[in-house]
Amino acid sequence: MTALSTRVRVIAEELVRRKGTVAPIDVLTGLGWLSARTVESWRQGRVPRLDAVAAVPPERLAEAVGLLREWASARGLHSSEVDYVAATLDARPLRFGDDDRPFRTHWTDPDLSPARRARIEAKAKAVPDPVALRPDKRWHCSLCRETGDFHFVEDDLPVCLACADMDHLVFLPSGDAALTRRARAASGLAAVVMTWHKPRKRFIRCGTLVERAALETAEEQCLADEDARERRRVRDRARRELQDLAFTAAFADRIAELFPGLAAARAQAIAEHASVRSSGRVGRSAAGQALDEHAVTLAVVAAIRHEETDYDAMLMAGVPRAVARERIRETVDAVLTRWRQATLDGDADQVSQSAVDSPA
């Protein structure tokens with residue numbers, strides 16, 4: 001069994017365990033070959049082909065998807081094909097590469113109830129709401145030359161809400177999940193609103209455009225059961241805190257297992273940093289939640305870079321990231337070797353080498 005097949009298996013098993021299903025795009029993201037930002041741009045129709053913006057050549061993407069198919073077939077998972085469409089007004093088909101079919105195949109746990117399996121497949125096949133952008137720079141509609149708070153994108157050009165026949169919708173900011181869910185369910189026409197988040201360097205959801213009558217109906221419903229929803233939020237918050245504590249402890253134990261020379265307090269600190277919910281860090285990736293060796297090593301390497309070397313000072317001085325990483329490579333390798341205490345074999349050394357070159 002190759003290192004890649006092992007990583008694909010670990011990521012896929014964790015996805016099936018948590019979600020009941022696994023898709024090639026989720027595995028490729030878990031491998032670190034596709035970033036969340038890249039996938040989001042592709043889903044918005046701003047990237048023509050996904051294989052053109054991956055971190056590895058198309059042949060490697062096909063190899064990983066082939067390994068996923070072999071594993072899923074051996075496990076007896078149920079397969080179904082999903083037609084990916086962009087979150088654009090014309091709902092155009094999304095392209096993976098030259099041969100899209102392997103990437104469109106989803107695999108579902110056959111032990112799921114028929115009702116849950118139907119819900120999973122329906123969600124995967126649902127046409128996404130169109131995406132409107134809330135820009136932070138001046139813009140003008142490519143059709144009427146007017147401007148406004150939001151615009152759609154058609155063929156890489158901005159289109160205002162009036163020209164898109166969406167100007168009767170009202171903006172509902174993010175923040176109240178129940179209100180958004182109910183307003184969206186009652187609205188015959190809607191759009192997701194995204195905005196550019198500079199610190200994260202990616203688009204994030206900031207609200208929804210819905211029909212005014214739908215919003216008013218949703219507000220009445222939310223007022224009627226506000227107390228019950230608050231009690232449920234408290235219970236859910238406590239449950240998530242317990243889950244996060246358990247996951248961080250498991251992540252720290254995995255670090256200690258791979259790096260027995262590392263102090264327990266330091267392993268705990270690395271685990272706490274890497275596993276913060278919604279942080280986008282490696283600990284919250286599919287591979288990280290599966291406690292994959294490569295993902296855990298990435299978290300440790302990131303800690304070494306920022307705490308054991310002058311990597312941050314180099315970046316502040318304007319040294320390119322790739323150059324800075326090359327300069328600290330020997331230091332990172334030396335610390336990894338010391339923390340491992342020479343207990344691992346050559347395969348682990350190969351994992352650490354690739355981790356040094358990978359983004360944390």
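## Around Leu 31

Leaving aside residues up to four places away in sequence, Leu 31 is in contact with Leu 4, Arg 7, Val 8, Ile 11 and Ala 64. Keep in mind as you look around that this is a predicted model.

As general background, nonpolar side chains in soluble globular proteins tend to be buried together.

## The largest cavity

There are 3 cavities of 30 Å³ or more in the model. The largest has a volume of about 70 Å³, and its lining is made up of Gln 44, Arg 46, Ala 87, Thr 88, Leu 89, Val 131, Leu 133, Phe 152 and Val 153.

Sorted by class, that lining holds 6 nonpolar, 2 polar and 1 charged residues. Strands E4 (131–133) and E5 (151–154) each contribute at least two of the lining residues.

## The second largest cavity

Next comes a cavity with about 40 Å³ of space. Around this second largest cavity you will find Thr 21, Ser 80, Val 82, His 106, Thr 108, Ile 120, Glu 121, Ala 124 and Lys 125.

Two or more lining residues come from strand E3 (105–108) and likewise from helix H6 (114–125), with H6 giving the most, 4 residues. By class, the lining of the second largest cavity splits into 3 nonpolar, 4 polar and 2 charged residues.

Note on methods: Residues are numbered from 1 along each chain as its sequence is written. This is a predicted model: local features need pLDDT of at least 70, side-chain atom pairs count only at pLDDT 80 or more; totals for chains, interfaces and linings use all residues. Side-chain values use heavy atoms; hydrogens and water are left out. Contact means heavy atoms within 4.5 Å. On a 1 Å grid over the protein atoms alone, a cavity is a set of points where a 1.4 Å probe fits but cannot get out, and a pocket is an open set with protein on both sides within 12 Å along at least five of seven lines; lining residues have an atom within 4 Å of a point. Grid points are joined across faces, edges and corners, and a volume is the space filled by probe spheres set on the points. Ala, Val, Leu, Ile, Met, Phe, Trp, Tyr, Cys and Pro count as nonpolar, Asp, Glu, Lys and Arg as charged, and the others, Gly among them, as polar.
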